[in-house]
Amino acid sequence: MITSEPFDMKILFTIIFFLIPLTALAQNTIERYQYWFNSDTENMVSGLTGQDPGDPVYSFSTSIGAEALPDGLHVLNLRFSDSEDRWSPVLSRFFYRMPASPAIDAAIDRVSYWFNNDVASATEEVVSGGGSFLFNPSVTAEDLPDGLHVLNLRFRDSAKKWSPVLSRFFYKMPAYATADAKVTSYSYWFNNDIANAVEADVPQSGSIVINEKFDASSLADGLHVFNIRFRDAGGKWSSTLSRFFYKMPVSDPLEENLVTAYRYWFNENDAVMFGVELDEPVNPLHLVADIRVPYLEPGEHTFSIQFMDMRKKWSPALTETFETEDCSPGYIEDPEGEAEVCGGTEHVYKVDAALNITDFEWSLTPSEAGTLDAGGSEVTVNWNKGFSGNAQLAVYGSNPCGQTETRSLTVRVIAAPYVTAMDDTSICEGESIELTVTGYNGTLEWNVSGPVVTPSVETTYTVTATNICGVAEDNVVIGVDTYPSLTVMDDVDICEGDQVELTAVSDGTVIWSGGSAFVSPAETTTFTATATNGACKVEDEVTVTVKPLPVLTVMDDVEICEGEEVELSAETNGLLSWSGGEDVVAPDRTTVYTAFAEKDGCEVHSEVLVTVHPIPGQPVLEQVDETLVSSSESGNIWFYNNNELEGVAGSEYSPEDSGEYFVRVISTEGCISDPSNIITFTASNLITIGMSEVTVYPNPVHDQLFISPGLPHGEPFRIELLTLGGRVIMMKNITNESYIDVSGLSPSVYILRISQGEESKVLRIVKN
């Protein structure tokens with residue numbers, strides 16, 4: 001048992017390599033595998049083994065699905081191919097697929113065994129076991145004859161389910177005296193070639209250890225089978241023991257083989273190995289070393305170690321058991337790395353610590369000194385370009401059992417040099433300028449003797465900043481400009497509200513103080529013209545004198561009827577004139593008249609709108625029976641014997657008195673038409689039909705006009721449809737309700753006259 005300290009353990013190994021002169025150097029590997037069930041080679045499954053060339057032993061471990069097979073007995077067939085594409089013999093194994101049953105916590109409670117398939121004579125024993133059970137009874141076979149037999153064995157669980165039968169061949173040897181049971185010789189051969197077996201005698205013994213070299217030089221490279229059996233003093237041979245082995249290709253032998261390196265791991269975790277290269281190859285190797293132990297929980301562990309020779313071949317692994325009591329993290333040293341750095345650079349820092357530290361926590365103070373990219377016991381620091389001063393890089397280690405103290409390294413950070421020169425600029429010829437910078441770090445130096453310069457042409461100046469971290473530089477360009485020429489316009493007078501363009505002649509760029517060359521000042525103003533050429537400029541002025549406008553107030557807009565006159569009027573302190581040349585006008589349409597006022601060369605104007613409304617057209621008056629009908633639907637003014645009739649405004653009028661009647665039309669704007677024609681009307685004693693007896697609908701009408709005569713009157717009604725001019729366009733006699741088709745008439749106003757004997761009724765019908 002090896003017991004480790006919390007941090008490391010020290011072990012002593014003495015390794016001696018005994019070399020065989022003709023040892024193969026090339027490492028062959030098992031590359032592929034194939035398996036299938038029963039005799040179904042068409043559904044063969046192939047795969048790559050992924051064997052490590054440095055590992056001489058390959059362990060095949062994979063999950064083979066058999067869910068597609070029916071319940072019952074089956075055969076699994078398996079073979080392997082090496083890197084030379086040589087296939088091994090097929091390995092076949094029986095297995096039994098059990099019916100699916102619900103999972104329960106079953107324990108083994110009974111065992112049954114018998115010989116040679118004679119299940120009727122089975123021996124059954126009650127046992128006490130769990131999910132796994134070690135069966136190690138003494139099975140008596142004295143009643144069996146000498147020779148080959150089969151042992152059959154099965155187990156039952158607490159759910160009363162029996163396992164498949166496990167069968168094993170065995171050979172019952174004849175009874176001999178103890179002296180006859182001693183081994184006296186052995187025989188071996190290759191690849192089942194028993195005809196060429198080699199036999200050798202050994203000193204009689206109950207047990208022997210064979211430490212011989214078996215000559216396999218006559219065999220071809222590749223996979224083979226080694227067969228061996230033993231004979232006792234009674235001349236009886238044992239069963240044959242067979243083992244696969246692989247013969248490697250032979251290359252040039254080494255005169256002397258030495259140990260060059262070793263590697264070790266813990267708890268069979270050979271995925272995490274720790275390798276050590278020897279300073280000089282040796283043989284034998286007396287190894288006295290501090291073995292760094294990773295984090296291990298308190299308790300028992302295993303330590304395995306291998307050694308590599310000059311052929312790059314690893315020895316078999318040596319394994320020891322040891323026990324740990326303390327798992328607290330071991331030592332941790334101060335970080336190692338550059339203690340003086342330049343800003344803007346990247347440096348790697350490492351820390352030496354015990355192997356049982358699983359995690360490292362790095363920190364940087366102040367945080368603005370840089371950024372960390374940590375990776376276990378190593379960290380990369382990107383030092384910020386703008387930082388300068390001391391920074392503290394600290395680290396501590398930990399594992400599930402605790403953490404170490406914090407260790408640190410003080411790093412002096414020197415800011416990398418930088419310099420930013422003033423912006424490029426220009427000066428006028430003959431002027432001087434001081435060269436400056438807006439920011440820098442380090443020692444400044446210009447490429448001229450002094451910071452004040454007077455260049456005669458455009459010149460580039462360079463400034464450098466220097467410190468131990470290097471040199472930085474920047475440039476500034478100083479241009480040299482000439483003064484421009486400038487000639488401005490003469491002073492000018494304008495009227496109030498006028499605009500004037502300011503002009504100037506220059507070989508530079510001209511701008512005006514008002515911001516624009518087009519100005520309209522409210523009062524007399526002096527404007528400055530500035531001509532520039534780069535940094536150089538000249539100025540000149542022009543005065544714009546503003547004269548006041550005359551006062552002008554015109555009459556309000558007016559409305560008149562067509563043919564009327566109107567007098568235009570206005571008040572002003574200047575000279576007044578009108579656009580038409582006259583101040584009394586009689587326009588025949590709506591017209592705008594402009595009044596102009598002029599004083600001291602300044603003129604203003606204002607407008608008057610004279611709206612002319614048309615006079616309505618002369619109406620036409622017609623007589624339809626006892627009714628006078630005007631051609632105008634609205635605005636009618638009725639006259640009787642040249643006197644206006646009060647209260648009469650419709651388009652129809654039925655006089656009661658005889659005399660002369662005419663009509664005039666007045667528009668909504670108050671304009672009156674000429675009189676219509678005069679109709680001399682003679683009153684009569686015409687009787688009208690009552691409204692309750694005759695019904696006419698619809699009115700207005702579009703297609704058909706219905707007429708209902710009401711109560712019977714003994715004789716038919718006469719229906720006449722007339723134009724407003726009195727022309728009969730339709731006539732019809734009815735006794736019952738009837739209609740008149742007016743769909744073919746033009747939209748207008750018509751007169752409907754209904755007569756019966758001496759009675760009549762006149763209606764105004766609107767056709768849409």
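I started with Lys-247, which is buried at 15% relative accessibility. For my own reference, buried means under 20% relative accessible area, exposed means over 50%, and partly exposed is in between (1.4 Å probe, protein chains only).

Before going on, I noted that this is a predicted model, where local features need pLDDT of at least 70, side-chain atom pairs count only at pLDDT 80 or more, and totals for chains, interfaces and linings use all residues. Residues are numbered from 1 along each chain as its sequence is written, and side-chain values use heavy atoms, with hydrogens and water left out.

**Entry: around Lys-247**

I placed Lys-247 in strand β14 (residues 241–247). Strands here are DSSP runs of E with at least two residues, numbered from the N terminus. Next I looked up what Lys-247 touches, leaving out residues up to four places away in sequence: Ala-216, Ser-217, Leu-219, Ala-220, Asp-221, Gly-222 and His-224. Contact means heavy atoms within 4.5 Å.

**Entry: salt bridges**

How many salt bridges does a search of the whole structure find? I got 13, counting a side-chain nitrogen of Lys or Arg within 4 Å of a carboxyl oxygen of Asp or Glu.

I then picked out the pair Asp-334 and Arg-407, whose closest N and O atoms are 2.9 Å apart. This pair links distant parts of the chain, 73 residues apart: Asp-334 is in the loop between β19 (318–324) and β20 (340–342), and Arg-407 is in strand β27 (residues 407–414). Asp-334 is partly exposed, with a relative accessible area of 35%.

My next pair was Glu-378 and Lys-350, with the closest N and O atoms 3.9 Å apart. Glu-378 sits in strand β24 (residues 378–383) and Lys-350 in strand β21 (residues 346–350), so the pair ties together parts that are 28 residues apart in sequence. I found Glu-378 partly exposed at 35% relative accessible area, and Lys-350 partly exposed at 48%.

I also looked at Arg-718 and Glu-720, whose side chains meet in a salt bridge at 3.4 Å, N to O. Is Glu-720 buried or exposed? Glu-720 is buried, with a relative accessible area of 6%, whereas Arg-718 is partly exposed at 39%. Turning to shared partners, I saw that salt bridges join Asp-334, Glu-405 and Arg-407 into one network.

**Entry: backbone notes**

I looked up two cis peptide bonds. One joins Thr-365 and Pro-366, with omega about -5°; Pro-366 lies in the loop between β22 (359–365) and β23 (370–375). Another joins Tyr-697 and Pro-698, with omega about -10°, and Pro-698 lies in the loop between β60 (695–697) and β61 (704–708).

Then I checked phi at two asparagines. Asn-191 has a positive phi of about 55° although it is not a glycine. I located Asn-191 in the loop between β11 (183–190) and β12 (198–205), where Asn-191 is partly exposed at 35% relative accessibility. For Asn-641, phi is near 50°, again a positive value in a residue other than glycine. Asn-641 is in the loop between β54 (636–640) and β55 (643–644), and Asn-641 is partly exposed at 37%.

Definitions and conventions
Helices (H or I, at least four residues) and strands (E, at least two) are DSSP runs, numbered from the N terminus.
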